[in-house]
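Please keep the sequence and the model in view while reading.

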Amino acid sequence: MRPSLSPMLTVVEAFARVLATARPLSPETVALSHANGRVLAETLTADRDFPPFNRVAMDGIAVQHAAWAGGQTAFAIEHTQYAGAPAQSLQNPRNAIEVMTGAVLPPGTDAVIRYEDILLADNCATIQIPAPEAPGVNIHRQAADRRRGDALLRPGTRLGPAELAIAATVGAAEMAVTRAPRVAVVSTGDELVGINQAPLPHQIRRSNAYALQALFAQAGADVSLFHLPDDREELRTGLTNILAASFDAVVLSGAVSKGRADHLPGLLRELHVVEIFHEVNQRPGKPMWFGARAEGPVVFGLPGNPVSTFLTACRYVRPWLRAVQQPADAEAAAAAADAPMPAVLTVDINFKPPLTHFVPVRLTVDADGRRLATPLRVGGSGDLAGLAGATAFLELPPELALFAAGSVWPAWAL
Ligand SMILES: Nc1nc2c(c(=O)[nH]1)N[C@H]1C(S)=C(S)[C@@H](COP(=O)(O)OP(=O)(O)OC[C@H]3O[C@@H](n4cnc5c(N)ncnc54)[C@H](O)[C@@H]3O)O[C@H]1N2
Ligand code: MOO
Ligand SMILES: [Mg+2]
């Protein structure tokens, strides 16, 4: 261990300052068919027992257990109970009713025997297996899973396929969800041309904006793309308009370092965006800028090198986007979903600078179930092609210089 040499803001402190600006967004109502990926802003409760009646769980016959356990094996069939038909009771306790999976268990019966375990002839079923000790076989009991009034989904739950099935079964054709955060993604730089253009020798296509758009869409954001040139006055006009529009967050890429065209930190200050931090003790992404305007959006100034932009968006912006979608009354567990997982480093890493080091990795699981993190060959923070196939990044602390193969570090999923 060595003392941290830099007075610069740590990653942990920078992240805490980012999260401290996250205020819950208001709810809105959406149809179930549009709720996938959104965050629930109400409690969905069971409107009935689950299941709502004693449900036949196998196709076959229903009998009275006492008769079967008493030694009777041959049962005359009274009628057939189909799924979707009102329950019809057993008339004679020594008879049987044919029953289909999903039907209401006929009153008077308390055991279901599968077709595979009976012989059927002349409207009579002969059971081929011994009776179990207790009734209830092949019956999904009313309220066995949940009771009417039970809370099934709580505010703060991100809605996926399983949750939407639950919403559907309680008849939530529409539901309250947190409104999607509105994000302006703004690339800056005179060297950048559109993706449909042929760059001149001194130009490149702008890629950062598309990485950011995809990353934020994964977090449920509604993203608008902008591009601004390096010219200070044009930048000022463009930013003034974007800051006045109703975005919750403005995410800029580039122009935050020390170059003559890196106008953003000064310009943002002039536009009354209050700086919360500039520069974090991390690589990549050290020049990162963050601020907020009173009654306005938060502003992330992400360093322009593509790997820096990508990783700082993952480490800071996406968690902020998830945090603002958590209702104020969400359970801590739901709010804390954005947490790193421990992973075993597969190779030695030597990293001397006393900075937190973000390392893009591919996660795999070995035969013993251990999560392994294998670093990708990323040439530097300009090597965006090196990110292909990354599934996470490790966060290696500034206090160490040697990270041995086999040691365990926090990994953030991408
Ligand atoms: N004298 C110093 N120079 C630099 C420092 C420093 O501390 N002292 N920090 C370096 C680090 S670290 C980074 S990261 C970059 C950050 O630069 P900026 O945020 O000012 O970004 P730009 O200068 O605008 O661009 C940097 C680089 O990234 C490319 N870029 C920008 N936007 C995009 C985009 N949308 N798609 C693809 N590529 C993009 C841009 O062309 C530049 O090559 O500063 C170092 N310099
Ligand atoms: O942080 Mo810069 O991101 O090292 O290239
Ligand atoms: Mg620059």
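A nitrogen atom of ligand 1 is 3.2 Å from a polar backbone atom of Asn-208, a polar contact being a pair of N or O atoms within 3.5 Å, where within protein one must be able to donate a hydrogen and the other to accept it, and residues adjacent in sequence count only if both atoms are side-chain atoms. This is a predicted model, in which local features need pLDDT of at least 70 and side-chain atom pairs count only at pLDDT 80 or more, while totals for chains, interfaces and linings use all residues. Residues are numbered from 1 along each chain as its sequence is written, chains are lettered from A and ligands numbered from 1 in the order in which they are written, and side-chain values use heavy atoms, with hydrogens and water left out.

**Ligand 1**

- Backbone N or O atoms also approach oxygen atoms of ligand 1: that of Ala-255 lies at 3.0 Å, and that of Gly-304 at 2.9 Å.
- Taken alone, ligand 1 exposes 880 Å², of which the protein buries 69% (accessible areas come from the Shrake-Rupley method with a 1.4 Å probe; for residues, only the protein chains shown count as cover).
- Around ligand 1 there are 21 residues, of which Glu-191, Ser-207, Ser-257, Asp-262 and Gly-304 come nearest; a residue is near a molecule or strand if one of its heavy atoms lies within 4 Å of it.
- The shell of ligand 1 comprises seven nonpolar, nine polar and five charged residues (Ala, Val, Leu, Ile, Met, Phe, Trp, Tyr, Cys and Pro count as nonpolar, Asp, Glu, Lys and Arg as charged, and the others, Gly among them, as polar).

**Magnesium ion (ligand 3)**

- The protein donors of the magnesium ion are Asp-262 (OD) and Asp-262 (OD), lying 2.4 to 2.5 Å from it (donors are N, O and S atoms within 2.8 Å of the metal, or 3.2 Å for Na, K and Ca; water is not among the atoms, so sites may look incomplete).
- Asp-262 is placed in the loop between strand E17 (249-253) and helix H6 (264-270) (helices, H or I, of at least four residues and strands, E, of at least two are DSSP runs, numbered from the N terminus).

**Ligand 2**

- The residues surrounding ligand 2 are Arg-283, Pro-284, Gly-285, Lys-286, Pro-287, Asn-305, Ser-308 and Ser-381.
- This shell around ligand 2 divides into two nonpolar, four polar and two charged residues.
- An oxygen atom of ligand 2 lies 2.4 Å from a backbone N or O atom of Gly-285, and a polar side-chain atom of Asn-305 lies 2.9 Å from an oxygen atom of ligand 2.
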